[in-house]
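Hi,

Here is the structure I promised to pass on.

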Amino acid sequence: MQLILQGISHRYGGTNVLEDISFAVGDGEIVCIVGPSGCGKSTLLRIAGGLERPGEGEALIAGKAPEGSLNPLTYIFQDFALLPWRTVAGNVSLVLEDHGIETKRRRAIIDDVLSRTNLSDFAHALPRQLSGGMKQRVAIARALAVKPAIMLMDEPLSALDSQTRELLMDDLVALWQRERFSACYVTHNLAEAVRLGRRIVVLSRRPGRIREVVDIDMPLAERPERLVELEKLQRRVWEIMREEAREADREISDVA
Amino acid sequence: MSHEAASTQGAGREEDTAAPEAARPVPFRGGGFTHRRLGPVAPIVFLAIIALWEAGSRAGIISPIALPAPSEALGALGDLVTTGMLWKHLGASIYRLGLGWVLGSLVGISVGLMVGLFSLARAGLLPLVSALFPIPKIALLPLFIIWFGIGEGSKVATILFGTFFPTVIATYGGVDNVDRNLIRMGQSFGLSWLSIVRKIIIPGAMPAILSGFRISASIAIVLLVAAEMIGAETGIGAYILMAGALFALDQLIAGVALLSMLGLAIAWLIGRAERALLSWRA
């Protein structure tokens, strides 16, 4: 399934946050969106998944969702968004309960996704008992349970410490090798972007416009061995962004 | 200069960890501003006050006309038990309190959810709630007597109205405080509106609703006594009023002690409910 954004513009009150953004996420492709803080990255992602209406332009999906997909466009949030009063298994169960799946099959799906994310031993733990990395794994398990066609990831690793981030990044790469999901991955971390992205969409500071799209034609599996090339790419993206980031840093914000 | 000193000292490695002569401990400046659990203090304070009071009464420092001794109040309480009047008064009070509080809480939670969820309800009902909340419900008792009769109806209605308003305010405040990201998460997974309310909003508002219960239960007890002082033959309020009219101060103190125990019992029950329903917090 493909996600196509066409001429998206958006404003909050009197402030333009996004201006004429167009790009597409192809089948099995990870597209990273980077940009200085406050450039509307998260707003763009909310528009892409239908959580917010764009002022202008439209978000389109093309092609059929894979067989049995319960929720084609599925989010992974920066703050994990787990219900603190439900156990790990209960949090996964939440997103299956509205689909009229019989209890036995639901339990089988939960067991399956928890084992795929190495969480089987934590099925009955509450979120407050888990580390940040574990919480995000639960959120990933929850996303897998609905068989998404396109994952919309809003800075999924930003709330984690750098070691956990490395571990989860490896998990994500391994997961992608197996499932070949499409993803729109918003981040401010350029190292994440060059490790995961097939393409990197660089946004300008507010109002966010596409500054440049950087293609990375290197298989994900080879990237850990070709760090020198990645380093060069990362520097190139940073060169594009540097001035924008500096200006954005000096701006007075009046948008919440 | 300090660099030189460091390098000359570095030559003698063993001396590095050994304390120089003028070494003294870093002064401790932390601590304080936290609370320790001191279990037996509360009963000791309580018993000490009663013992002082009793001793004062026996020594004649406290006149029995001004304040009867605790032992006399205990005697009055014993009379209540032996004559069987305790259960009659307590039963009548608990019935009114239970019925009025449960109905008031149920209606209050429903209205509070509506105010929390629907803009129309918020615009229409919230000013009404703000206008009626500060009215002392006991001032409306004569009105309630005309509407619901002199019997149980008017007393239950007083408690119901007294419970209703704080519950509405606690509930809609709780709904407003539910993490918006959790609601957005529910929407992003395509959960139905009812599922979002049932599985995300109500559990999320539960801590606020339960702390509202603490306030509404105390208000309910105050209103119970007030309502029972007007046109009731049974109930703790009626018992206290009767004792006051006869200047039977021992009975008056016994009645007040009963109310205090009722309040403690309710606080304990709500504490149990909090532990059961909010075990995920801790």
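In α5(B) there is a kink of about 35° at Leu125(B), shortly before the proline Pro127(B). Bear in mind that this is a predicted model. I also checked the length of the helix: α5 of chain B runs over residues 119–132, and at 1.5 Å a residue its 14 residues should span 20 Å, which agrees with end C-alpha atoms that are 20 Å apart.

Which residues of α5(B) are buried? They are Ala121(B), Leu126(B) and Val129(B). The cover over these buried residues includes two other helices of chain B, α4 (85–117) and α7 (152–176).

Now over to chain A and its domains. The domain assignment gives domain 1 as 2–65 + 149–249 and domain 2 as 84–147. The C-alpha centres of these two domains of chain A lie 26 Å apart. In the contact, domain 1 of chain A takes part with 12 residues and domain 2 of chain A with 9 residues.

About 820 Å² is buried between the two domains of chain A, and carbon and sulfur atoms give 62% of that area. On the domain 1 side, Met151(A), Leu168(A) and Leu175(A) supply 39% of the area buried against domain 2 of chain A, more than any other three residues.

There are charged contacts to look at as well: the count between domain 1 and domain 2 of chain A is 2 salt bridges.

Best wishes

Key: Residues are numbered from 1 along each chain as its sequence is written. Chains are lettered from A and ligands numbered from 1 in the order in which they are written. This is a predicted model: local features need pLDDT of at least 70, side-chain atom pairs count only at pLDDT 80 or more; totals for chains, interfaces and linings use all residues. Side-chain values use heavy atoms; hydrogens and water are left out. Helices (H or I, at least four residues) and strands (E, at least two) are DSSP runs, numbered from the N terminus. The expected span of a helix is 1.5 Å times one less than its number of residues. The bend at a residue is the angle between axes fitted to the seven residues ending there and the seven starting there. Buried means under 20% relative accessible area, exposed over 50%, partly exposed in between (1.4 Å probe, protein chains only). Contact means heavy atoms within 4.5 Å. Domain bounds come from an automatic or database domain assignment. Buried area is the accessible area (1.4 Å probe) that two parts lose on being put together, summed over both. A salt bridge is a side-chain nitrogen of Lys or Arg within 4 Å of a carboxyl oxygen of Asp or Glu.
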